[in-house]
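I set out to record a few look-ups on aromatic contacts and on helix packing. The entries follow in the order in which I made them.

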Amino acid sequence: MPSKKRRKRGGERRVIHPRNKYSENPPDFGLLASLYPSFEPYVFYSLDGRPRIDWTDFNATRELTRVLLLHDHGLNWWIPDGQLCPTVPNRSNYIHWIEDLLASDLIPCTRGNSVVKGFDIGTGANCIYPLLGASLLGWTFVGSDVTDVAIEWANRNVKSNPHLSELIEIRRVDTETKIFDAEELQNKQKDNINSYVDSTNTVSVDMGPSPSFSLRSQSVKNSYHGPPVLVGVVKDGESFDFCMCNPPFFMTMEEAGLNPKTSCGGTPEEMVCLGGEEAFITRIIEDSAQLKRAFRWYTSMVGRKSNLNILTSKLWNVGVTVVKTTEFVQGQTSRWGLAWSFMPPSRKMLFSHVTEKKNLSFMLEGLQRQHSAFHVLQSVESFFCSCGASCKLNASTFNIDITASQNHCNTILKSETQNENEAVQCKNELEISRTSNDNNCQSDDLQFRISVFQQIPGTLLVRSTLHQKESSSSGLFSLIFKQLEKVLKNKFCTERVSADGSCSNLRR
C-alpha cells in the first residue's frame, strides 16, 4: 500500500489519511505471518521477494482483517462466511475524515457533550466503524442493521471487546416500519417544511421547497423502498454529532461480483438495493431533511463520481447549509466521502468552483470485461502520440506523463473538433494561450499527467492534472481533455458520444 499523500487544488485528495496508522507503515504481511500462525498459510512470496496474499481468497482477506485489528488496534473480531469483510486502512480513512469535519470550525458543536456520538447506518456483522471509532478516538456509537446475522455478530464483536462495550449500542431496525413515499411525505410536512426554528428559538431559516417535492423527479422504479434508514430508527429526542454509511453500491449481485481481482464477501443486504447507491443515499438525504439538526453532520461514502454530482445537487435542493466532499484513493480504487449539514456555518466558505481548475476527470462506465485500465492507458498514449506529443507511460502506477507543444495541441483540436461552436472556442483558446506565452516569454508546452483508477467493476475514473502552477493554458488544457473524453467513451463505453454531445446506446 503506498504511503504517499496527494492533494488537489479546490478539493481534497489523499492516497491515505496522514493520521491513518498505515500512512507511513503499511501492513507487513511477512511480520504478521511470523506473529500469527493462523495468517501464515495465506502469505506467499512473489518473484521480487515481497510477501503477498491472494486478494481473491475470502479467507485470506478475512484473516488479514482479523490480525490487523488485533495487532494494531487490540480488537478481537470475526465474521461468518459470506459477510462483507472490510479493509482496515480504508475504513480508518473514513473515521479520520469525520474527525477532521468535527474538528473544523465550519459547523459548531451544539450537543453540549464532550463525548462524540456517531450513528453507523448498516453497521453489518463486522461492526467495523463503531469498533475503530471507539478504539481510536473514544467515540460512542449506535450501529443499526436489519438482518439477524448482522445483529448477532455485531453484538458478538462488541462483547468480545469489553473495554469498548459500553461505548457501542447495536440497534435492530424495525422492518415493519412504514416508509413514506414522496407524496405522503410532502403531505406530512406541508405545514412546517418551509421554515425551521433551531433549538434556541432565535434563528429562523427558510428551507425552500419541500425536500420530498425536490426529490420527486427521481423515477419511482429507482427509488428506495427498503427498511428505514434514519427516520424510524433514530429515537425521539436523540442527537448525534454525525452519521456515516458504507451504502450498497450495486443494483444487482451480478454487478457486485464483476471484479475478479478481489473477494471481500458481502450479502445482498450489504451490497445491493433497488436503484443502487444513488437511491440509498437519496433516502439518507430525504431522512436528513426531516431530522435536520438532530445530526451535526450527515455523511456517506460514494462509489461513483457521477453519483457524487447528482447527490450534491439534491442536497442543495433540500436546503442544506454546507456540503463537503473528499476523495480517497488506495491502489487503483477511488471512493468519495460526501458530508452535509443543516446547521448554520460559523464562517464563510470559498466554494471550489471559483478556483481555477487544473485537475479534470471523467468516468468511463459500462466497460466490457475485456477492457482494463491498461487498455485505456494505451489508448490515451496513442491519442497523444498520434499528434507528436511526448508520452511516458508508467504501467505500475497507471499514469502517463505528457508534454504537448502548441502545435501538438493545435493538431489535436483541429482533428477532433466536430462542430462550428467548438471550432470557435478552440481558436480563441489557442490564441489566448499563444498571446499570453509570447508576452511572458514562457514555454508554450503543456505538461500534464493522466491517471486511470478502478472505481467499481465496469467503471474507470480518468483524471488529468496540469503540472504548471501558473498557466494561461488551463482553458486549452480543458478542451483537449474533453476531446480525449469523447474519444475514449466512443471506444470503450456501451454509450457512445455523438458529434453533438448526445449519447446513443450500443448493444453488444
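Are Phe 295 and Tyr 298 buried or exposed? I worked from a predicted model, and there both Phe 295 and Tyr 298 are buried. For Tyr 298 I noted a relative accessibility of 0%, which puts it in the buried class because that class covers values under 20%.

Entry: aromatic pairs. I then looked up Tyr 298 with Phe 342 and found an edge-to-face pair, with 6.1 Å from centre to centre and 90 degrees between the planes.

Entry: what the second pair connects. I placed Tyr 298 in strand E10, residues 295–302. Phe 342 I placed in the loop between strand E12 (333–341) and strand E13 (359–365). The pair therefore ties together parts that are 44 residues apart in sequence. I also checked the accessibility of Phe 342; the value is 1%, so this residue counts as buried.

Entry: the cluster. Which residues form one aromatic cluster? I listed Phe 119, Phe 240, Phe 295, Tyr 298, Trp 340 and Phe 342.

Entry: charges over rings. I found Lys 292 over the face of Phe 342, at 6.0 Å from the ring centre. I found Arg 156 over the face of Trp 153, at 4.3 Å from the ring centre.

Entry: helix packing. I turned next to helix H10, residues 276–291, and helix H11, residues 305–317. Their axes are 11 Å apart and the packing angle is about 20 degrees. Why do I class H10 and H11 as roughly parallel to each other? The angle of about 20 degrees falls under the 35 degrees that this class requires, so the term applies. I recorded the crossing of H10 past H11 as right-handed.

Entry: residues at the helix contact. On the H10 side I listed Glu 277, Glu 278, Ile 281, Thr 282 and Ile 285. These meet Asn 307, Ile 310, Leu 311, Lys 314 and Leu 315 in H11.

Entry: Thr 282. I looked at this residue of H10 in more detail. Its relative accessibility is 1%, so Thr 282 counts as buried.

Key. Residues numbered from 1 in each chain as written. Predicted model: local features only at pLDDT ≥ 70, side-chain atom pairs only at ≥ 80, totals over all residues. Heavy atoms only, no water. Helix = DSSP H or I, 4+ residues; strand = E, 2+ residues; numbered from the N terminus. Buried < 20%, exposed > 50% of the residue type's maximum accessible area, 1.4 Å probe, protein only. Phe/Tyr/Trp six-rings, centres within 6.5 Å; stacked < 30°, edge-to-face > 60°. Lys NZ or Arg CZ within 6 Å of the ring centre and 35° of its normal. Axes fitted to C-alpha atoms, helices over the stretch in contact; angles between N-to-C directions. Parallel < 35°, antiparallel > 145°, perpendicular 65-115°, else oblique. Left-handed = near helix turned anticlockwise from the far one by under 90°. Contact = heavy atoms within 4.5 Å.
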